[in-house]
Amino acid sequence: MKTITHFLSLLFLLPLFIFTACGQTSAKQKDIKKSITMENTIKKPGNPYYSNTDTTQLKVTDAEWKKVLPEDVYEVSRNADTERPFTGKYWNTDDKGTYYCAACGNKLFRSGAKFSSTCGWPSFFEQENRNSVVFKNDNSLGMQRTEVLCGRCHGHLGHLFDDGPEPTGKRYCMNSIALDFVPDSK
């Protein structure tokens with residue numbers, strides 16, 4: 001009789017342990033999903049400075065940037081070169097998502113702030129947050145302009161003008177080559 005009681009108790013407790021174990025596995029899977037979404041959304045294995053989540057200010061030498069960036073990104077980001085109008089991959093897109101610095105991965109703009117400006121470069125009326133970009137006076141080419149730099153790596157992104165739409169009246173005129181884009185998940 002004792003053996004039958006122990007056997008029935010075991011049969012009763014076994015499903016309880018299975019349900020408990022399954023519940024722990026689900027919680028672990030949720031934690032894994034959370035950690036995956038917090039990792040970089042763009043991978044650039046040759047660039048140790050690239051991160052979509054790290055906001056630490058970078059102090060990287062020009063020689064090191066030259067090693068880790070593609071030549072076209074390097075020329076725009078580090079030498080303030082400009083891509084030709086109407087040639088960049090983002091000048092005429094309206095996909096929903098987030099724009100990041102192509103050199104360091106810093107979050108710069110959301111697609112909701114992008115507008116069609118007919119200038120030939122992607123244009124935004126506001127930055128993602130107050131630390132996303134920084135500004136510098138640019139008196140090159142006989143003009144007085146405001147240069148827009150990445151707030152993390154200080155790479156050249158483009159220029160800021162006062163002819164944008166409401167609510168800011170600003171036009172952040174950016175080089176597509178200086179941007180990476182991650183579409184919103186559906």
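A salt bridge, for this tour, is a side-chain nitrogen of Lys or Arg within 4 Å of a carboxyl oxygen of Asp or Glu. The structure holds 8 of them, and we will visit several along the way. What you have open is a predicted model, in which local features need pLDDT of at least 70 and side-chain atom pairs count only at pLDDT 80 or more, while totals for chains, interfaces and linings use all residues. Residues are numbered from 1 along each chain as its sequence is written, and side-chain values use heavy atoms, with hydrogens and water left out.

**Stop 1: salt bridges**

Select aspartate 180 and lysine 44: their closest N and O atoms are 2.8 Å apart in a salt bridge. Aspartate 180 lies in strand β9 and lysine 44 in the loop between α1 (2-38) and α2, so the pair ties together parts that are 136 residues apart in sequence. (Helices, H or I of at least four residues, and strands, E of at least two, are DSSP runs numbered from the N terminus.) Aspartate 180 is buried, with a relative accessible area of 10%, whereas lysine 44 is partly exposed at 28%. Here buried means under 20% relative accessible area, exposed over 50% and partly exposed in between, using a 1.4 Å probe and protein chains only.

Next, pick glutamate 147 and lysine 136, whose closest N and O atoms are 3.7 Å apart in another salt bridge. Glutamate 147 is buried at 7% relative accessibility, and lysine 136 is partly exposed at 45%.

Then show lysine 170 with aspartate 162, a salt bridge at 2.6 Å from N to O. Lysine 170 is partly exposed at 28% and aspartate 162 is exposed at 63%.

**Stop 2: the nonpolar core**

A nonpolar core is a set of buried Ala, Val, Leu, Ile, Met, Phe, Trp, Tyr and Cys residues joined through side-chain atoms within 4.5 Å. The largest one has 29 residues, and Trp65, Leu108, Phe109, Cys153, Leu157, Tyr172 and Met174 touch the most other members. Elements that each supply at least two residues include α2 (62-68), β2 (107-110) and β7 (156-161), but the largest share, 3 residues, comes from α3.

Now zoom in on leucine 108. Beyond its neighbours within four places in sequence, leucine 108 has contacts (heavy atoms within 4.5 Å) that include Tyr99, Gln127, Val133, Cys150, Leu157 and Leu179.

Which residues of α3 are buried? Colour Val73, Tyr74, Val76 and Ser77 to see them; they pack against α2 and β7.

**Stop 3: the β2-β1-β9 sheet**

Display β2, β1 and β9, which form an open antiparallel sheet in that order. β2 and β9 stand at the edges with a single partner strand each, so one side of each has no neighbour in the sheet. From one strand to the next, the twist averages 30°. Between β1 and β2 there are 3 bridges, where two strands pair if DSSP finds at least two. Threonine 98 has arginine 110 in β2 as its bridge partner.

**Stop 4: serine 123**

Finish at serine 123 in strand β4 (residues 123-124). Is serine 123 buried or exposed? Serine 123 is buried, at 0% relative accessibility. Its side chain reaches the backbone oxygen of tryptophan 121 at 3.3 Å. Further along the chain, serine 123 touches residues including Phe115, Arg171, Tyr172 and Cys173.

How values were computed: Polar contact = N/O pair within 3.5 Å; in protein donor to acceptor, adjacent residues only side chain to side chain. Axes fitted to C-alpha atoms, helices over the stretch in contact; angles between N-to-C directions.
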